[in-house]
Amino acid sequence: MYMLYIICHLISTYLLPPPPKTQTPSSTSIFLFLNLLPFCTYKINSIVRHKTVISLCLLIDNVSMTSAIGNGSLFYRTPSKFDGADTSSEKLGVLKLRACNFCKAKLLGLPPLRAMEASRTSHINGKAENVHQPGYNSNDQVTANDCPGFSGKSIPRISTNGNSTNIVWHKCSVEKSDREELLQQRGCVIWITGLSGSGKSTLACSLSRGLHARGKLTYILDGDNVRHGLNRDLSFGAEDRAENIRRIGEVSKLLADAGVICIASLISPYRKERDACRALLPEGDFIEVFMDVPLRVCEARDPKGLYKLARAGKIKGFTGIDDPYEPPLKSEIVLRQNQGLCDSPNDLADVVISYLDKNGYLKA
């Protein structure tokens with residue numbers, strides 16, 4: 001058997017031409033393989049047996065196969081069905097096959113990894129069903145991380161959220177704290193609220209620029225900008241305005257979880273919707289900034305000409321004119337006019353940055 005292994009290895013390495021990138025085994029190859037199989041499964045050293053089988057695979061039409069799954073048995077796969085086959089190598093007679101750590105351990109006779117049930121759980125119409133993996137048995141020891149696709153002993157918890165049924169939360173080993181460590185900052189949401197014309201968007205841009213200069217990653221969710229894409233299907237009616245705020249709250253939550261300092265800038269006139277967004281995040285990750293600028297000042301500015309249109313009756317339900325604004329009661333930061341004069345946007349941004357720095361948001 002040692003001699004057979006050496007002969008097969010020499011032939012496959014030095015005499016055969018490079019294998020085609022797409023090739024299916026011929027009937028003659030399969031016939032020869034099946035006839036040579038008893039020689040390879042005879043009671044000999046396991047490592048030599050596996051190496052001999054691999055050499056035969058390289059020799060006979062480069063048939064893609066793997067060995068030693070279960071009780072030393074063999075199974076065959078065509079190249080198109082073998083996930084992870086790498087035919088990029090141009091070396092003579094060589095076909096690279098990727099294998100999980102379990103397969104490598106079996107092939108080399110290494111000690112087994114920790115035990116794990118070799119079955120996967122599939123969900124059909126909300127019901128869990130165990131499907132056994134061919135070639136594996138429940139006594140094999142393997143880790144879920146080394147062989148993707150195996151769920152282990154735990155059965156995922158199926159839940160219902162709103163109108164979404166039969167959903168499962170998939171947890172990743174890379175968590176928010178890992179991303180914060182990478183970015184050297186704490187992910188949070190800075191929610192800037194106030195009347196139209198109070199300076200929310202201007203503050204958001206100045207704040208983002210100031211944090212960027214300090215090497216911090218930010219992203220602005222501006223009310224009007226979001227309505228150009230994600231929320232373009234929403235009107236300014238009460239129900240749609242609530243949905244607009246809910247969606248932005250959910251997106252800001254994702255950004256904060258990514259470790260980003262999210263700056264949400266929108267009127268968000270109702271306390272109920274703002275408090276609902278606050279409730280989405282862990283304690284301390286929602287920082288409400290109230291632009292406390294009187295209506296008369298905002299209307300005098302009227303940067304978009306919207307107050308003029310609202311006064312003329314051309315815009316209905318405009319906040320501050322014919323729709324109420326409910327000022328926050330417990331904002332983390334309140335920015336007011338200083339004796340009738342407005343501070344510069346950079347000065348206002350520095351107030352927010354100082355709060356972030358003092359409370360540890362600018363470091364991991």
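These legends go with a set of close-up views of a predicted model.

**Figure 1. The whole protein, before zooming in.** This predicted model has 12 helices and 13 strands. Out of the 364 residues in the protein, 37% are buried. Look at contacts with a separation of 6 or more, and you'll find that 71% of them link residues 24 or more positions apart.

**Figure 2. Helix H6 meets helix H12.** Two packed helices are described by the angle between their axes and the distance between the axes. Here the pair is H6, residues 200-213, and H12, residues 345-358. Their axes come within 8 Å and cross at roughly 60°. That angle makes H6 oblique to H12, and the crossing of the two is right-handed.

**Figure 3. A closer look at the H6 and H12 contact.** On the H6 side, the contact is made by Thr202, Leu203, Ser206, Leu207, Arg209, Gly210 and Leu211. H12 brings Pro345, Asn346, Leu348, Ala349, Val352, Ile353 and Leu356. Sort the residues of this contact by type and you get 9 nonpolar, 4 polar and 1 charged.

Figure 4. A disulfide is a covalent bond between the sulfur atoms of two cysteines. How many disulfides does the protein have? The count comes to 0, using a cut-off of 2.5 Å between cysteine sulfur atoms. Take Cys262: the nearest cysteine sulfur belongs to Cys188 and sits 8.6 Å away, so Cys262 is in no disulfide by that 2.5 Å cut-off. Is Cys262 buried or exposed? Cys262 is buried, because its relative accessible area is 0%, under the 20% limit. Cys277 is buried too, with a relative accessible area of 3%.

**Figure 5. Ser268, a loop residue with positive phi.** Ser268 belongs to the loop that runs between strand E11 (261-265) and helix H9 (271-280). Its phi is near 40°, which is a positive value in a residue other than glycine. With a relative accessible area of 2%, Ser268 counts as buried.

**Figure 6. Asp302, in a loop between two helices.** You can find Asp302 in the loop joining helix H10 (295-301) and helix H11 (306-311). Asp302 isn't a glycine, yet it has a positive phi of about 40°. Is Asp302 buried or exposed? Asp302 has 17% relative accessibility, so it counts as buried, given that the limit is under 20%.

Definitions and conventions. Residues numbered from 1 in each chain as written. Predicted model: local features only at pLDDT ≥ 70, side-chain atom pairs only at ≥ 80, totals over all residues. Heavy atoms only, no water. Axes fitted to C-alpha atoms, helices over the stretch in contact; angles between N-to-C directions. Helix = DSSP H or I, 4+ residues; strand = E, 2+ residues; numbered from the N terminus. Parallel < 35°, antiparallel > 145°, perpendicular 65-115°, else oblique. Left-handed = near helix turned anticlockwise from the far one by under 90°. Contact = heavy atoms within 4.5 Å. Nonpolar A, V, L, I, M, F, W, Y, C, P; charged D, E, K, R; others polar. Buried < 20%, exposed > 50% of the residue type's maximum accessible area, 1.4 Å probe, protein only.
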